[in-house]
Amino acid sequence: MAAYLLRRLVQAVLILFGVSLITFALLYVLPADPVRQIAGRAASAQTVENIRHQLGLDQPFVVQYGRYLLGLVQGDLGRSYLQRTDVSTLIAARLPASLLLMVGAIVCELALGLTMGLVAALKRGTALDQALMVGSFVGVSAPQFVVGLLLLYVFAVRLSWFPIGGYGSFSHLVLPSVTLGILGAGWYSRMMRSAMVDVLRQDFIRTARAKGLKRATVLFRHALPNAILPVIAMIGIDIGLFMSGIVVVESVFGWPGIGQLAWQAIQRVDIPIIMGVTLVSACAIVLGNLLADLVTPFIDPRIKLQ
Amino acid sequence: EDKAAAASAQAGEYTPDPDAKEGGAIVVTYKDDVSTLDPAIGYDWQNWSMIKSLFDAMMDYVPGTTELRPALAESYDISDDGTVFTFHLRKGVKFHNGREMTADDVKYSLDRVTNPKTQSPGAGFFGSIKGYDDVASGKADHLAGVEVVDPSTVKITLSRPDATFLHVMALNFASVVPHEAVEKWGADFGHHPVGTGAFKLADWTIGQQLVFQKNADYWRDGVPYLDKITFEIGQEPIVALLRLQKGEVDIPGDGIPPAKFREVMSDPEQKARVVEGGQLQTGYITMNVTMPPFDKKEVRQAVNMAINKDRIVQMINNRAIPANQPLPPSMPGYDKSFEGYQYDPDKAKEMLADAGFADGFETELYVMNTDPNPRIAQAIQQDLAGIGIKADIKALAQANVIAAGGAKDEAPMIWSGGMAWIADFPDPSNFYGPILGCAGATPGGWNWSWYCNEDLDKEAAKADSIVDPAKKDERDKMWSDVYGKVMADAPWVPVFNEQRFTMKSKRMGGADDLYVDPVHIPINYDYVYVTDVQ
Amino acid sequence: MSGQLVVETAPANEAGAPRRRRGVFSRLLGRPLALIGLAVILLTVCGAVFAPYLTPFDPNDQMFDGLSLEGAPMPPGGKFLLGTDLLGRDLLTRILYGARTSLVIGIVANGVALFIGSLVGITAGFFRGWIGTVLMRFTDLMMAFPALLLAICLAAVLSPSLWIVALVIALVNWVQTARVVYTETSSLARREFVEAERSIGASTPRILFRHILPHLLPTIIVWGTLGISTTVLLEATLSYLGVGVQPPTASWGNIIFENQTYFQAAPWLVFFPGAAILALALAFNLVGDAMRDILDPTQRGRL
Amino acid sequence: MTRAPRRALPARSDAVLAVDGLTVVVAGEDGPRPVVSNLSFQLMRGETLCIAGESGSGKSMTALAIMGLLPKPGAKIAGGSIRLGGSELTDLSEGGMRAVRGSRVAMIFQEPMTSLNPVLTIGRQLTEAIMAHEPVGRGEAKRRAVAALDAVRIPEAASRMGQHPHELSGGMRQRVMIAMALALRPDVLIADEPTTALDVTVQGEVLELLRDLQRDLGTAVILITHDMGVVAEMAARVVVMRHGRMVESGAAATIFSNPREAYTRELLAAVPRIGEGAGRVATRLRELPAAGAARPVPVVEVADLAVRFDLHGGLLGRVDRRVHAVEGVSFSVGDRETLSLVGESGCGKSTTAKAIAGLVPYEGDILVGGRNIAGLPRSEAKALRRDVQMIFQDPYASLDPRMSVGDLVAEPMLIHGVASGAERRERVAGLFERVGLSPADTGKYPHEFSGGQRQRICIARALALRPKLIIADESVSALDVSVQARVLELLRELQAEFGIAFLFISHDMAVVENISDRVAVMYLGQIVETGTRDQIFTDPKHPYTQRLIAAVPVPDPSRKRHAFPRLDQDIPSPVRRVGDEPARLKLRDLGGGHLVAA
Ligand SMILES: Nc1ncnc2c1ncn2[C@@H]1O[C@H](COP(=O)(O)OP(=O)(O)OP(=O)(O)O)[C@@H](O)[C@H]1O
Ligand SMILES: Nc1ncnc2c1ncn2[C@@H]1O[C@H](COP(=O)(O)OP(=O)(O)OP(=O)(O)O)[C@@H](O)[C@H]1O
Ligand SMILES: [Mg+2]
Ligand SMILES: [Mg+2]
């Protein structure tokens with residue numbers, strides 16, 4: 001177990017290194033000049049060069065990247081060009097909100113997706129199954145901005161059940177989580193359905209029924225843990241897709257997470273922030289996958305970590 | 001020495017609102033984060049007016065107008081040749097940290113903002129101060145032209161006469177900061193601002209909100225009225241408007257989102273709370289005069305005649321007025337009689353044919369990618385197609401468009417919307433130097449049409465050396481001429497001047513002018529008040 | 001592939017013959033739901049191909065009467081069947097022309113992603129050893145990228161055009177498929193029939209393509225159909241950020257994104273292109289489901 | 001609870017379960033198709049009723065109908081009644097059925113390996129059954145679960161409660177299933193082929209256990225099986241089914257000694273019996289010419305074969321343990337000879353076969369037609385391997401379910417470029433006919449065939465290349481007797497016709513006795529005894545061989561064995577630390593080719 005963890009962590013570090021290298025290289029060749037933005041429109045060419053030199057942006061790629069890495073291993077993500085603050089401060093201030101939202105969204109999409117998938121599997125072939133299938137596609141196809149605004153309009157403005165955007169309490173979390181969750185639910189319900197259909201065909205389900213167990217017990221205690229494995233693997237994959245959703249949803253709901261930070265940084269080519277956000281999300285993804293892998297043996301004891 | 005100058009500035013003093021009530025708190029929302037509140041650095045839509053409320057400079061403007069008035073300087077003298085400005089500081093002005101502001105602080109602040117290490121985007125504004133070049137190139141630490149005469153007198157010597165210098169001294173970049181606080185916080189001063197302004201920063205939760213608290217010791221009597229302003233960050237404009245409608249927000253900082261504009265304006269109750277005002281802004285298309293076929297004046301003129309500005313204005317829900325010259329109407333020097341190029345596609349086609357492009361040509365139109373700019377670009381594209389010019393749209397992130405504009409042979413045409421020139425100060429010169437003058441036509445510069453007319457540069461310099469306020473009209477006239485000549489060469493197509501529509505909650509009080517203050521955007525926090533306090 | 005099959009086994013008797021001779025396609029036609037799906041796909045493709053003949057308008061023509069005097073778009077009905085957009089262009093026309101872009105993205109880009117993903121997944125899952133390790137580590141690396149950020153950077157670097165966007169989307173989207181296919185292939189590779197194939201001397205490509213691939217089809221179909229909406233919307237996000245298809249080229253995604261803030265003032269601008277995406281994705285799903293059942297002989301004759 | 005009286009009156013011969021006119025239909029391609037028709041029987045208290053019949057005769061469907069667990073929506077009860085005690089089961093709602101299941105009727109399913117939930121502990125699966133029916137607390141339920149495990153003689157029952165099914169051997173899993181069924185002391189226990197998938201030795205133990213439990217608890221048992229040996233050993237009464245109908249029923253002794261129906265007689269005749277198999281004569285006959293000829297080159301010669309699987313572990317994932325699956329096995333198979341490899345599950349039989357087929361890396365020498373495969377270039381090795389074909393242990397798993405059987409059979413020819421187009425098709429058709437299938441079936445898929453038919457498809461596939469040696473890995477163990485007999489007959493015919501040598505792998509001693517020329521007994525990766533069939537069966541020397549032979553149930557109720565000797569310990573594991581090599585056994589020659597480990 002310890003050995004496994006160690007190996008996975010080494011792997012994770014290598015992956016993060018790769019991510020940083022590729023992102024840095026991509027941003028390096030990006031046709032936009034951050035110095036111009038810092039210097040402002042009244043700056044002379046000399047001032048611009050001055051700033052470029054101060055930031056070390058006049059140096060060759062290898063040197064720039066080397067310096068970045070050096071900072072990175074010391075926990076220094078650099079300073080934002082435009083916000084004039086340490087990137088780590090900015091991310092640290094926003095990360096908790098994003099993580100919270102992510103957890104909320106995962107809970108939502110699991111609750112929604114798994115229920116839909118479960119019901120569809122149980123009612124396989126019926127009209128309800130078909131309707132749920134259409135529903136899952138609606139979830140996958142609906143633009144999140146519109147879904148978010150719609151939810152906001154109905155549940156916050158009209159019904160006043162939830163606050164209109166913002167951050168702080170549980171009720172703030174509900175709508176953004178649901179908005180993000182609707183998309184994921186589409187995916188999960190499809191996966192859950194097929195996994196469940198498979199499991200319900202298994203002999204041990206028949207055994208459980210032969211014991212005279214309650215339907216709910218058969219479903220939740222016997223079938224679900226077996227069907228949920230592919231779903232858990234999916235959660236690991238899913239975290240990577242979150243970033244896209246988070247950007248939109250955070251802005252609709254005024255959620256102070258890293259999605260908004262990333263969005264603004266991309267608009268203004270604030271390279272240190274883009275790097276930082278990419279690395280932090282990469283971390284989250286790698287950790288998410290690791291966690292998913294670590295959890296599976298608890299759910300399915302046949303699986304051994306190696 | 002000319003005391004008249006000082007006297008005339010005093011004349012336009014503001015008369016306080018008799019109905020104003022003290023106390024209360026308001027909520028303002030913004031979509032984008034506030035990056036820094038360091039006056040030497042902040043240059044964004046959001047932090048510009050926040051900094052104005054936290055800091056003061058030698059000069060500022062009469063609320064709701066573009067009229068200069070002394071601020072931290074109680075009075076000032078200008079030498080006859082217009083190169084020496086002596087500011088007499090107001091006594092007893094205290095920083096938020098309790099220390100009294102002195103002439104040393106003024107010098108310190110000016111040295112700081114021009115020092116390249118500060119990386120101030122506004123350093124260039126101080127280029128006329130003697131010794132600026134040495135500081136900018138790192139040869140000197142101090143501006144030779146700034147002298148502390150005594151604790152309450154600062155003398156600033158310019159290397160050339162500069163009629164805009166008082167405006168420069170009203171810029172945020174000229175704000176006075178206490179050196180001990182700057183040294184204490186170092187690079188983080190922007191997050192722990194200490195100034196002399198009407199408000200002080202009470203709390204800043206990054207990415208969420210900033211809270212401003214009334215500065216009880218404010219040197220100007222009677223203001224501010226509000227006890228507290230909360231800026232909520234990261235709010236989508238549509239959502240901000242929904243919250244405003246529910247009474248949770250007082251001012252949507254990003255204005256009325258285009259998508260909601262018609263809804264708001266068609267509801268009398270909401271419309272009543274909308275304040276409309278001019279803006280020192282022009283939206284224009286640049287044509288790169290170094291890239292064929294735009295090196296031909298006739299082609300550029302033809303393009304000027306091809307654009308249906310009325311329709312573009314209609315498309316953005318009439319939130320602007322069509323423009324025919326670089327200067328916006330509320331700017332001194334705006335030439336009311338100027339007719340510009342009338343919309344006449346047939347004539348444009350003819351001219352194009354005369355220039356040898358009977359079949360038109362292909363080109364590219366760069367545009368920033370946020371609504372409504374791509375839409376406007378598409379409207380322009382259609383108009384160009386009308387005279388046979390096939391323009392491909394390149395909708396890019398702001399930074400990429402700016403980079404393309406700053407490269408000599410990359411962007412033939414750019415629609416300036418979203419990055420457009422909003423005046424830093426209300427003076428006609430502000431629309432020339434970096435965006436139409438030779439100085440800006442350098443790689444990485446902001447003169448995206450790469451238009452460089454040495455003669456005009458000279459005329460402009462001449463106009464700027466007229467510092468005598470009495471000759472203001474003459475100077476404005478000279479500037480009108482400069483812009484007239486620019487338009488004769490037609491490096492730009494001025495398309496429209498945006499109107500500002502600010503919306504406020506029912507309980508907000510104060511004159512409408514305060515809500516469309518030309519320098520305090522979106523509103524002048526120091527003078528507005530709420531009506532529902534006891 | 002199927003041609004060979006038929007030659008090999010077409011038996012001389014009647015009992016087995018009809019089963020084989022009925023092709024996949026004709027069996028698809030026997031299913032009403034699949035038929036609906038096929039019809040929708042066909043309709044979309046025809047709409048895209050014959051757009052100029054189907055509509056009197058030009059997709060980029062900003063018509064004067066397409067906007068009200070206050071600059072508001074026209075609601076559906078009358079001259080403009082589905083209304084107009086914020087520039088006074090006919091929405092139906094734009095959706096028809098937009099199908100060209102969206103089909104390229106949703107089918108070509110998504111298809112390429114699916115192809116790369118399957119190839120990588122199969123190869124890595126089947127060949128343990130260093131090929132598998134290298135491929136899976138590379139997949140892990142790609143997976144660690146936040147997809148959107150990577151797409152934005154890539155697209156920005158490569159300068160936008162439809163095919164570049166398609167390429168970028170393919171480059172970003174193959175990863176999840178690879179992961180899933182990998183898992184499945186590695187378990188399939190351990191099934192006994194693979195060993196049996198080896199024992200009769202079957203070559204590796206033969207085992208991969210004739211024996212393993214058919215088993216992966218259901219998974220590939222599920223990911224492929226779900227991928228349609230995802231990629232179409234990703235294209236829209238990229239366009240919205242200025243690194244996608246450039247205006248005024250229409251795509252279903254960018255029609256939505258351009259207009260999404262107006263969904264209350266002009267809901268048709270979001271609803272119709274959204275419905276088009278949904279319909280296409282659903283149609284492929286219906287056909288995919290049917291294909292899966294048809295291609296899976298164990299599903300036959302079951303209730 | 002009326003448990004006490006129930007047990008007190010085992011002698012009363014009133015029916016505890018009465019099935020009357022039961023008809024079960026399943027959905028077919030052209031409307032409903034009956035799989036059980038008009039079936040009636042009664043089960044008395046405390047008796048064992050065996051339902052016998054060939055595969056697909058509707059045995060399992062009957063059991064599932066009683067349990068109310070018919071697969072939905074494919075099957076349903078179309079008529080008849082099932083009365084348990086006083087209540088009519090067919091009228092009960094799902095909720096009502098739930099109360100009956102487990103507590104009054106319990107069932108042990110056909111597939112022991114897959115019938116336990118892999119992700120839940122044994123203890124959990126036992127206690128929840130108890131708690132579902134009786135108002136007891138968790139502690140009490142646990143106590144009873146441990147007691148039930150003890151009752152089925154699971155060693156260290158208490159500590160096993162926390163284990164998961166995959167940590168138990170197949171026999172233990174089946175015992176857990178039985179414990180689960182018996183924990184609630186049901187009136188009726190239905191055991192659906194509880195031993196088919198198990199080793200002979202384990203099978204013997206499980207049957208023994210069932211008998212004990214029935215004696216102790218007085219439960220009435222319905223035992224479903226196609227193994228007449230098991231029937232003879234267990235049954236008081238027998239119901240013989242075919243095509244969903246009852247063919248014959250009566251007391252076990254009567255059925256075996258005096259079967260009325262032709263089908264019953266057929267069924268009994270098909271049962272392989274040690275020492276009197278039908279195939280015995282045939283093999284004998286063929287042995288004679290071989291003995292007279294000069295000693296030919298063996299088809300396959302295996303010398304000192306060893307196969308080890310590395311297990312990774314430790315900090316850096318280094319190899320720290322090895323499975324010594326095959327450890328120094330030597331034998332040869334001559335022309336037209338059948339060598340049987342027997343031994344318990346996990347002793348390395350399949351691994352040996354796979355090594356010969358070139359599917360696992362090995363050490364030692366394998367000579368095909370006198371040439372050592374190891375040294376040859378790829379292409380030549382491939383050509384040589386054409387001479388060795390394998391029929392896998394599980395016919396269903398070894399056929400690609402998505403390929404038609406015609407394609408599957410044609411595939412080896414296609415790969416090796418043997419025959420083309422029309423000729424190949426003809427040969428496929430010929431092979432189908434040869435193995436007793438209709439050439440019309442070539443377009444069907446594996447799942448559309450019964451187990452026996454699938455096995456024949458595998459044989460046809462193996463024959464396609466006209467190999468010199470066919471390795472048959474447990475090729476008949478999963479088949480019911482009648483099919484098994486037919487397949488064995490087919491193998492014998494093919495051997496006579498094409499002159500093929502067989503390496504026959506099995507744990508069923510009766511079958512081995514019927515088909516082999518020589519036998520090698522494997523234990524823990526090594527051969528412990530080898531010799532001609534007669535030497536092994538009439539004069540087994542190694543205790544392990546003796547035990548294997550003793551474990552075979554005899555299909556004769558009059559020769560019922562009692563108290564099958566149980567192993568006092570589990571079989572030792574072939575997994576060893578690196579460096580800790582197992583000791584090689586030395587074989588002692590007893591003369592006449594009969595070797596036995598010291
Ligand atoms: N789910 C199902 N749907 C349709 N037909 C089925 C289904 N399950 C079984 N059958 C059919 O019902 C018939 C009886 O099957 P059953 O399982 O009762 O046989 P069995 O006697 O138990 O055979 P075995 O000895 O192989 O277990 C078979 O012809 C089988 O094909
Ligand atoms: N790929 C493998 N990796 C590790 N161990 C293996 C592998 N294949 C087989 N084994 C182990 O080798 C031993 C011999 O297995 P083998 O399959 O040869 O048994 P068998 O005699 O055929 O048993 P059965 O009668 O159950 O088929 C077993 O302990 C098994 O667990
Ligand atoms: Mg059965
Ligand atoms: Mg085996």
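**Note on ligand 1 and on chain C**

1. In the shell around ligand 1, helix H2 of chain D makes the largest contribution, with three residues. The structure discussed here is a predicted model.

2. The shell holds 14 residues, and those that come nearest to ligand 1 are D:Ser55, D:Gly56, D:Ser60, D:Met61 and D:Gln110. By type, the residues of this shell are four nonpolar, six polar and four charged.

3. Several polar backbone atoms of chain D face oxygen atoms of the ligand. For D:Lys59, a backbone N or O atom lies 2.8 Å from an oxygen atom of ligand 1. For D:Met61, a polar backbone atom is likewise 2.8 Å from an oxygen atom of ligand 1. D:Met61 is also one of the residues that come nearest to the ligand. For D:Ser57, the distance between a polar backbone atom and an oxygen atom of ligand 1 is 3.2 Å.

4. How much of ligand 1 does the protein bury? Taken alone, ligand 1 exposes 640 Å², and the protein buries 67% of that area.

5. According to an unreviewed UniProt entry, residues 99–288 of chain C carry the annotation "domain: ABC transmembrane type-1". In the model, residues 99–288 of chain C are 83% helix and 0% strand.

Notes: Residues numbered from 1 in each chain as written. Chains lettered and ligands numbered in written order. Predicted model: local features only at pLDDT ≥ 70, side-chain atom pairs only at ≥ 80, totals over all residues. Heavy atoms only, no water. Near = heavy atom within 4 Å. Polar contact = N/O pair within 3.5 Å; in protein donor to acceptor, adjacent residues only side chain to side chain. Areas by Shrake-Rupley, 256 points an atom, 1.4 Å probe, with all protein chains shown as cover. Helix = DSSP H or I, 4+ residues; strand = E, 2+ residues; numbered from the N terminus. Nonpolar A, V, L, I, M, F, W, Y, C, P; charged D, E, K, R; others polar. UniProt positions renumbered as here; feature names shortened; annotations may be inferred.
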